[in-house]
Amino acid sequence: MTAENPFGQVLVALVTPMTADGEVDWAGVEKHIDDVITAGADGIVVTGTTGETSTLTDPEKIRLVEVGKDVAAGRAKIITGGGSNETAHAIELYKHSEQAGADGIMIVTPYYNKPTQAGILTHFRMVADATDLPVILYDIPGRTGVPIKYETIIRLAKHPNILAVKDAKGDFSEVSRVLNQTDLMYFSGDDANVLPHLSIGATGLIGVTANIAPAPYRTIIDAVNRGDLTAATAAHRQLEPLVRAVMTHVPGTVAAKYILHGLGRISSPRVRLPLVGPEEWEAALIEDEIDLVQGIPGVDFHNFRPDRNAAAGGALPKVAGTTR
């Protein structure tokens, strides 16, 4: 790898803590950012999918960058995620994020519109042209409806600001092909595949489960960096039931908030509509997985007190701002 890494290696796809009525809990945001950095994260992605970017207003998104920068105080990079499926709006958001002090930007493939590869190429290039910040491309066809095809990634790699890909596509042979032919860094965007991604040359991860347990991801990264596959595999196996609890039964944001609240680490598990808290049967499945979690550093489930009633439903925020 020739390019310097401006993003970090253990990146948390940060949940946005909210009050019971669906407003951003700013004190909770500060505490949560400090918690994950203290536990080993060296990068924070605010306003990503996990941060509920779809239902955050633009002023909330910018303030999350500002608060992140203040709390991190140089200990971790602050990357702004989300973006928009409208190129002009994405450009404005990222310009404002740069002014607010973001260290990098993560641009998601335009969702819902289902543009052609030419449209995707143009969107990424124009957004990357509009800022001096280093760029991570976010390839997640399960959410956007369209993949960033190999040929498009190769062309985008030539842009001086585009340095990395967050991969939630899971095509490992393609990742290897891109790593062989470009200087792009890869970040695993699928919690279950972090170690497999790293084993073929990925730089790091952008994880949801890392909201709850950053320390084992730090262990995995440090082990891979020193070539210790045995230690990395042990931490990977330890994480597996927690990853399943967070990522398989309800949207990752919903499960992560439900678990963080049960651990007493955020004040409310509330999410904004159309997301809702887990149903009784979903909560039971999450808790069954948690019963299998053992010995994860920094996470003690002995006093786990989930509250499905607090999580139930979803909130309508007071200000219905521009979020498209």
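**Close-up views of the predicted model**

**View 1. Lining of the largest pocket.** Helices α5 (141-144) and α11 (252-262) each supply at least two residues of the lining of the largest pocket; helices (H or I, at least four residues) and strands (E, at least two) are DSSP runs numbered from the N terminus. The model is predicted: local features need pLDDT of at least 70, side-chain atom pairs count only at pLDDT 80 or more, and totals for chains, interfaces and linings use all residues. Residues are numbered from 1 along each chain as its sequence is written, and side-chain values use heavy atoms, with hydrogens and water left out. A pocket is an open set of points on a 1 Å grid over the protein atoms alone, with protein on both sides within 12 Å along at least five of seven lines; a cavity is a set where a 1.4 Å probe fits but cannot get out, and lining residues have an atom within 4 Å of a point. The volume of the largest pocket is about 550 Å³. Of its 24 lining residues, T49, E52, T53, S54 and R143 lie nearest the centre.

**View 2. Second largest pocket.** This pocket holds about 300 Å³ of space. Its lining has 20 residues, with Y138, R143, G189, V208 and M247 nearest its centre. By class, 10 are nonpolar, 6 polar and 4 charged.

**View 3. Largest cavity.** The structure holds 1 cavity of 30 Å³ or more, and the volume of the largest cavity is about 40 Å³. T47, K61, I62, T80, G81, G83, L93, Y94 and S97 line the largest cavity. The largest share of this lining, 3 residues, comes from α3.

View 4. A closed barrel of 8 strands runs β1-β2-β3-β4-β5-β6-β7-β8 with parallel pairing (two strands pair if DSSP finds at least two bridges between them). Within it, β4 (residues 104-108) and β5 (residues 135-139) pair in the parallel sense over 4 bridges, and V108 stands opposite Y138 in β5. Helix α4 (residues 117-129) lies across β4, β5 and β6 (162-167), at about 160° to β4; axes are lines fitted to C-alpha atoms, for helices over the stretch in contact, and angles run from 0 to 180 degrees between N-to-C directions.

View 5. H197 is placed in helix α8 (residues 194-199). Leaving aside neighbours within four places in sequence, H197 is in contact (heavy atoms within 4.5 Å) with D167, F172, V175, S188 and A202.

Notes:
Points joined across faces, edges and corners; volume = space filled by probe spheres on them. Nonpolar A, V, L, I, M, F, W, Y, C, P; charged D, E, K, R; others polar.
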